[in-house]
Every structure is written in C-alpha cells, then in structure tokens.
Amino acid sequence: MNEKNTKRISKFLSLILRHQPEKIGLKLDISGWASVEELLNKSSNNGVTFTKEELKFIVKNNDKQRFSLNENQTKIRANQGHSLKNVIIATETKTPPQFLYHGTVAEFIPSIKENGLQKMSRQHVHLSSDLETAKKVGSRRGKPIILTVQSGAMYKKGYEFFLSENGVWLTNLVPAEFIEFLDL
C-alpha cells in the first residue's frame with residue numbers, strides 16, 4: 001500500500017471514527033467501537049474503498065497509533081480525539097510525569113495565555129510526553145511552538161490526567177498558570 005493511499009484512508013478513518021460517523025451511516029457504541037465489516041461496507045458505498053488487510057496495515061503502522069482493533073479484529077475505534085459527545089473512552093486516572101508538552105502555533109498563543117489550553121470541540125486537551133511528538137503536532141498548522149505544561153504541579157492541585165492507549169496524555173483543562181511560555 002503506497003504512502004499517499006495510506007494517508008488518505010487514515011484521514012478518512014479519523015473523520016469517521018472521531019467526528020462524523022453519520023457521514024457514512026456508521027454506528028459507534030458508547031466506547032467508540034464500530035463493526036469492521038460495517039465500516040468497510042459503508043465506506044465503499046460512500047466512495048472510499050479499502051480492504052480489511054489495508055485497514056489492519058493502517059492500524060498497525062499509523063505513526064500516532066490513532067486506531068485500535070479489538071482482540072478478534074471485528075471492531076475498530078479511534079483511541080482518542082473524539083468530538084462526539086456520546087462516545088466515552090474509558091480510561092483510569094494516571095499520575096503524569098512532572099512535565100508534558102503541547103505543540104501549537106503563534107496565532108493561538110494570545111488565547112492560550114488568557115484562557116489556558118481548552119479542549120474546544122474534543123473531549124480532552126491532548127498532551128505529549130516528549131518534545132518531538134509535540135513538535136509534529138504543532139507543525140501540522142505551521143511553525144510549531146512548544147509549550148511546557150507543569151503537569152506534576154497540576155496533578156498535586158487535583159487535576160486529573162488520563163493516558164490513552166496510544167500514549168497521549170489527556171486532561172480536561174490546562175490553566176495558563178501551569179504553562180511555561182518560553183521565548184515568546
């Protein structure tokens with residue numbers, strides 16, 4: 001499977017499994033799982049055709065591990081990033097490392113300084129445990145600016161953190177007082 005096709009299908013899966021399953025008439029359960037066969041059929045009926053083997057390849061090789069298959073590979077879901085209010089990915093609270101990182105771009109800095117990091121249309125704020133991942137995330141919209149989040153201090157103040165299956169740290173809000181705006 002070529003890189004262009006892999007990227008196209010991955011973006012489609014992100015749209016359908018995280019934000020708009022109704023676009024193809026797909027039903028997700030409360031935990032975000034969808035039938036693989038239903039996904040394949042409804043995608044094909046809507047002009048996006050791929051095989052089960054191609055789907056497995058994308059799940060296994062996605063650089064951010066955005067998707068998971070259940071044990072018998074009959075169901076698929078996005079690991080996090082849902083804007084759907086009726087999908088709840090069950091996670092338990094975890095103690096975060098002392099610092100986490102968030103990649104963004106300059107245009108959002110004034111709002112972040114005033115309001116902190118907000119989940120906006122997603123269920124959580126997404127944070128990275130390493131600078132390289134944060135840099136990749138920030139560079140999707142332009143020149144990345146990496147913010148350091150004092151996650152250890154937040155946790156001590158009672159803020160909850162969750163760790164998704166693919167290693168993304170999640171929280172409901174990061175107040176500006178816990179963000180280091182270096183070199184801005």
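Strand E4 (residues 100-104) is joined to strand E7 by 5 bridges, and the two run antiparallel. Strands here are DSSP runs of E with at least two residues, helices are runs of H or I with at least four, and both are numbered from the N terminus. Two strands count as paired if DSSP finds at least two bridges between them. The model is predicted: local features need pLDDT of at least 70, side-chain atom pairs count only at pLDDT 80 or more, and totals for chains, interfaces and linings use all residues. Residues are numbered from 1 along each chain as its sequence is written, and side-chain values use heavy atoms, with hydrogens and water left out.

Leu100 has Val149 of E7 as its bridge partner. E7 also pairs with strand E11 (residues 179-180), through 2 bridges and in antiparallel fashion. There, Thr148 stands opposite Glu180. Of the 5 residues of E7 (residues 145-149), 4 are buried, so the strand is largely enclosed by the rest of the structure. Buried means under 20% relative accessible area, exposed over 50%, and partly exposed in between (1.4 Å probe, protein chains only).

E8 is joined to E9 (residues 169-171) by 2 bridges. Leu163 stands opposite Trp169 in E9.

The largest nonpolar core has 21 residues. Such a core is a set of buried Ala, Val, Leu, Ile, Met, Phe, Trp, Tyr and Cys residues joined through side-chain atoms within 4.5 Å. Among the residues with the most contacts inside it are Leu13, Leu39, Phe67 and Ile76. Helices H1 (3-19), H2 (36-45) and H3 (52-61) and strands E2 (67-69) and E3 (75-78) each give two or more residues to this core. H1 gives the most, with 5 residues. Beyond its neighbours within four places in sequence, Ile76 is in contact (heavy atoms within 4.5 Å) with residues including Leu17, Trp33, Leu55 and Phe67. A second, separate core of 15 residues includes Leu100, Ile109, Leu127 and Phe161.

H1 and H3 pack at an angle of about 85°, with their axes 10 Å apart. Axes are lines fitted to C-alpha atoms, for helices over the stretch in contact, and angles run from 0 to 180 degrees between N-to-C directions. Asn5, Thr6, Ile9, Ser10 and Leu13 in H1 meet Glu54, Leu55, Phe57 and Ile58 in H3.
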